[in-house]
Amino acid sequence: MTDQLAILRAQRDAASDPALRAALDSAIAALESSTAREIATGGGDYSEGDLDKRRGNFVEGNQYNLVFSGGHFLEGLEALYQTPANDYGGALRRYLRHLYREYAGLDLRGIDDRPLDMPLSELYVSLSLHEPPPEVLAGPGALRGFMQKVGRWVPRQLADGEPEAEELLGRGRPPDPVDWTTALRHPRLAVVGAPGSGKTTLLHYTAVRLAEVLARDDAGQLAALGLGAEDDASGPPAPLFLPLRELGSFVRECNGRELAGAGPRLLLDCLANYYTRLELDLPPDFFSRLCEAGRALLLLDGLDEVASSDDWALVSSIVRAFVGRYEHCRYVVTSRVAAYQGDARVGAGFRICTVADLDEAQQRRFIANWSRSLHRLLYQLQGQELDRRAERYAGELWQALEANARVRGLASNPLLLTVVAVIFYNKYVLPEDRAALYEECIEVLLRGGRGKADRPTQQRRDYAGRPDLKMGLGPKREILAAIAYRMHQRGENGLFIHRDDLVREVAAALRGRYPEPDDLAKSFVAELPVHIGLLDEREPERYRFSHLSFQEFLAARSIAEATEDRWDELLDRYRDSWWREVILLCAGHLSQERCWRFLGRLVERGDTPDERAPALGLASDALAELERFKGQGPLNSTIQADALRILELQPATAAPAAARVECGRVLARMSDPRPGVCDLPPAMIELSGGSFVIGSAPEQAEAAGRAWEQYWLDQGDKDRAKQARKWPEDEINSASLRLPPFAIGRYPLTNAQYKRFMAAGGYDPSAPWWDDAARAWLARDDAATEGLQPWQWREYKNRPEFWDDDRFGVARPNYPVVGISWYEAMAYCRWLTRLLDDGYEYVLPSEAEWEYAARGATRRIYAWGDQQPDGERANFNQTYRGTTAVGCFPTGATPEGVFDLTGNVWEWTRSAYRPYPYDPDDGRESGDNPAQKHFTLRGGSWFYLPFFLRAAYRDRNSPDHHFSYVGLRLARHPSRVKD
């Protein structure tokens with residue numbers, strides 16, 4: 001505030017124009033009259049040894065006042081109205097002042113009960129934005145796939161399963177990020193990101209900066225926003241901010257006749273209605289004239305916050321129609337990725353821009369900004385002292401985050417990072433488990449408020465809506481927990497609760513404990529807007545928890561705080577994914593002894609394998625999260641034994657594949673004791689060899705080509721259909737060959753088995769298992785090598801590319817290793833041969849050996865026979881959204897007992913890709929000059945369509961190829977030469 005006054009006074013002293021001096025005098029007087037009042041919080045100085053949270057000064061009330069020190073830009077907007085009938089200039093100033101007051105500060109409730117705002121300009125951190133090329137956005141799931149490729153936000157839903165989408169799953173060179181200045185040069189933008197990723201703050205920042213541009217004739221700031229074009233003589237646009245949930249609510253109040261053909265008008269009417277409620281006294285045509293002249297930047301926030309998913313497409317169509325009507329305006333629409341799909345996409349020339357999670361540098365920058373603003377506001381520090389203490393405190397907060405893996409995982413989300421920073425300020429320590437973290441979050445949000453209330457702090461903390469009654473944090477939390485549980489019982493339809501229902505629920509919770517519970521309930525609900533971060537009125541008369549996680553935790557708390565005879569009503573829902581987080585958080589909230597009893601009841605649930613497996617899986621997830629904080633529990637051996645029993649049940653049809661897959665996942669956590677899965681030597685199956693005809697007969701290839709053709713015709717791609725008809729022609733063959741006896745791996749090689757190679761110095765380029773070609777690949781600087789494709793570019797050369805990915809890598813030891821090149825696969829084989837020294841040579845199977853193992857002399861179509869693939873026989877077509885533990889599909893095994901030859905992962909062979917007939921002596925199996933060759937892949941994978949699963953199907957790629965769906969299987973031959 002003082003800085004602003006100094007600037008204005010200097011401008012007034014230097015001004016020669018009497019009119020400008022008068023305007024500046026008026027602005028100075030207005031600013032001086034609104035100077036915020038400082039309130040002391042207790043005597044004493046800032047404590048160097050320990051941050052004293054009870055001392056220092058802070059600013060109460062709204063301190064963000066827009067100062068109008070320019071006139072040119074505003075006069076350009078005023079001229080649009082062309083009539084003095086209304087005071088449009090005054091309306092513009094009132095509107096811009098409102099935007100500035102609302103959005104120039106971040107409400108940081110929970111700072112020791114202090115109503116504190118921090119300036120957005122001090123805290124704001126530029127987000128990582130990416131613009132996906134239009135060609136990668138075709139097909140369902142493609143937008144999520146692009147966001148996955150960026151590599152920070154990893155969604156559950158992967159990219160579309162068509163072959164062209166495979167680039168999205170390669171860990172190639174990620175697209176370069178763009179800054180907001182660059183992105184905003186597009187006149188129509190859709191900003192898509194995860195909940196709490198900063199989309200709304202980005203719009204607030206834009207509105208505030210643009211308001212400053214208009215108020216101060218700041219052309220430099222306009223250019224910094226990406227809106228200052230040299231050839232644009234019209235001047236900057238006015239920011240029109242509208243939460244799209246308001247448009248959704250407004251539309252639902254319209255009748256059918258009003259909706260019919262009224263698209264553009266509806267959005268204008270909604271804007272006018274929204275700001276009329278704020279008593280800004282704007283003329284009726286205030287917004288329409290700006291839009292007619294093309295002088296508006298519409299900031300449309302939160303398509304996903306439209307109450308009903310059925311209304312997403314309707315609201316989007318209204319925006320689309322508005323854009324068509326007012327095509328010279330600029331637009332930014334924000335949405336979560338789940339809402340921005342199909343008909344809900346605005347289209348109309350909108351460029352999509354995705355928001356990534358905060359990386360480490362951005363998190364550090366936010367924490368540094370936070371610390372500096374905190375110390376400046378609370379302790380009135382400045383200069384070197386401010387720098388020193390703010391830096392020290394920021395370092396301590398970052399150290400606390402780094403030491404806490406669970407909380408560290410939340411720090412990539414701007415909203416939760418802000419709450420975590422508040423928690424650290426209050427406690428000077430961070431909770432390690434999620435239940436404790438959410439408990440702290442709830443307390444922060446309940447303590448806080450809008451930060452602009454003028455009631456004393458203690459009154460706000462204990463106020464329950466009635467002057468004659470007080471209610472502390474505990475009772476408030478109990479009431480909200482009961483409400484959350486009742487809302488959660490309604491399923492996804494319970495995300496919202498009507499005011500009348502909410503009042504009834506609160507009254508029921510108060511009855512018998514407080515007098516006049518019905519009246520008190522009404523007052524309590526009326527007071528809820530104070531706690532804007534917890535249970536909010538998202539629409540007129542309809543309330544929702546600000547994040548589903550808060551509803552889940554409070555619902556869990558409701559059961560955890562009850563007697564044990566209520567546990568079963570929660571545990572009986574263990575197979576319902578809607579209740580999964582509630583059960584986990586309930587276990588986390590319980591004391592150690594009660595937690596083990598709670599989980600003991602969980603693992604007893606279910607009689608059949610498909611009923612037992614989900615209980616074991618949920619219990620293992622709970623243990624993986626809680627044992628670090630509650631110690632070793634008594635259930636591990638029980639869970640491991642039960643999971644192993646289900647996984648190995650005989651006959652093969654005795655347990656469904658989904659139950660076996662879940663038990664394989666459990667054993668990944670609890671240790672998989674099956675021989676040859678996680679240990680060495682690997683489990684091998686002996687095959688007798690003999691005469692064998694590789695490939696397909698012409699009629700088989702023709703049938704496969706017709707199936708491919710029809711698939712692409714059904715997709716509407718006639719050109720691809722024509723090409724696909726010929727794809728199987730490369731497998732036509734009638735010549736036989738003879739294979740000597742050999743052994744093949746019972747399972748694909750697992751992460752645990754590959755980890756042994758890494759621990760033994762496997763990636764030492766001087767080791768004898770690397771040949772010259774492989775050493776050249778290891779030494780290649782992929783970041784500096786031009787022309788590499790995404791499937792060739794490697795971020796790491798000392799581990800598989802997906803090694804640290806929780807879905808594919810070392811965290812799942814009994815899953816197939818993926819993300820390795822042909823060079824790495826060959827090096828592993830040579831290393832294992834040396835390690836075991838058992839008279840055998842371990843190699844990749846040749847293409848002929850692989851197909852013989854899969855088809856046998858009878859030339860089965862698939863590893864199991866000729867029946868079409870289904871989810872009981874193989875992992876394919878994204879059924880399980882990733883790889884699965886080896887050996888989970890016994891009905892898909894070969895008669896000899898070889899597992900996973902069909903689906904799960906493509907498998908490298910040692911054979912270069914060449915035409916048939918297959919001649920093992922023509923050099924295709926020699927491995928010479930591998931960089932100049934393509935090597936054959938076999939078997940299909942978890943990601944691919946069933947067309948790829950035929951055992952005769954051939955794929956190929958360069959030896960530096962790697963993906964999350966490519967692994968290897970070992971073959972074994974008698975050693976030709978003993979070392």
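## Helices α4 and α9

In this predicted model, Leu96, Leu99, Tyr100 and Tyr103 of helix α4 meet His204, Val208, Ala211, Glu212, Leu214 and Arg216 of helix α9. By class, this contact has seven nonpolar, one polar and two charged residues (nonpolar: Ala, Val, Leu, Ile, Met, Phe, Trp, Tyr, Cys and Pro; charged: Asp, Glu, Lys and Arg; polar: the others, Gly among them). Contact here means heavy atoms within 4.5 Å.

What is the angle at which the axes of α4 and α9 cross? Helix α4 spans residues 88–103 and helix α9 residues 199–216; their axes come within 9 Å and cross at roughly 140 degrees. That angle makes α4 oblique to α9 (under 35 degrees counts as roughly parallel, over 145 as roughly antiparallel, 65 to 115 as roughly perpendicular, and the rest as oblique). The crossing of α4 and α9 is left-handed, a term for the near helix being turned anticlockwise from the far one by less than a right angle, with clockwise giving right-handed. The axes are lines fitted to C-alpha atoms, for helices over the stretch in contact, and angles run from 0 to 180 degrees between N-to-C directions.

## Reading the model

Residues are numbered from 1 along each chain as its sequence is written, and side-chain values use heavy atoms, leaving out hydrogens and water. Because this is a predicted model, local features need pLDDT of at least 70 and side-chain atom pairs count only at pLDDT 80 or more, while totals for chains, interfaces and linings use all residues.

## The chain as a whole

The chain has 37 helices and 23 strands, which are DSSP runs numbered from the N terminus (helices H or I, at least four residues; strands E, at least two). Of its 979 residues, 57% are buried (buried is under 20% relative accessible area, exposed over 50%, partly exposed in between, with a 1.4 Å probe and protein chains only).

Among contacts with a separation of 6 or more, 73% are between residues 24 or more positions apart. The accessible surface is about 39700 Å², with 47% of it belonging to carbon and sulfur atoms.

Helix α28 (residues 592–603) and helix α29 (residues 609–630) have axes that come within 9 Å and cross at roughly 165 degrees. The two are therefore roughly antiparallel, and their crossing is left-handed. On the α28 side, the residues in contact include Trp596 and Leu599, and on the α29 side they include Ala619 and Leu623. The classes in this contact are 12 nonpolar, one polar and three charged residues.

Is leucine 626 buried or exposed? This residue of helix α29 is buried, with a relative accessible area of 2%. Not counting residues up to four places away in sequence, leucine 626 touches Ala587, Gly588, Cys595 and Gly631. Leucine 626 and leucine 584 are 42 residues apart in sequence and 9.3 Å apart in space, C-alpha to C-alpha.

## Helices α22 and α25

Helix α22 (residues 473–489) packs against helix α25 (residues 548–560) at an angle of about 105 degrees, with the axes 7 Å apart. That makes α22 and α25 roughly perpendicular to each other. Residues making the contact include Leu480 and Tyr485 of α22, and Leu554 and Ile559 of α25. In classes, the contact has 10 nonpolar, three polar and three charged residues.

## Tyrosine 340 in a loop

Finally, a loop residue. Tyrosine 340 lies between β9 (330–336) and β10 (351–355), and counts as buried at 2% relative accessibility. From leucine 303, tyrosine 340 is 37 residues away in sequence and 7.7 Å away in space, C-alpha to C-alpha.

Technical notes. Accessible areas come from the Shrake-Rupley method with a 1.4 Å probe; for residues, only the protein chains shown count as cover.
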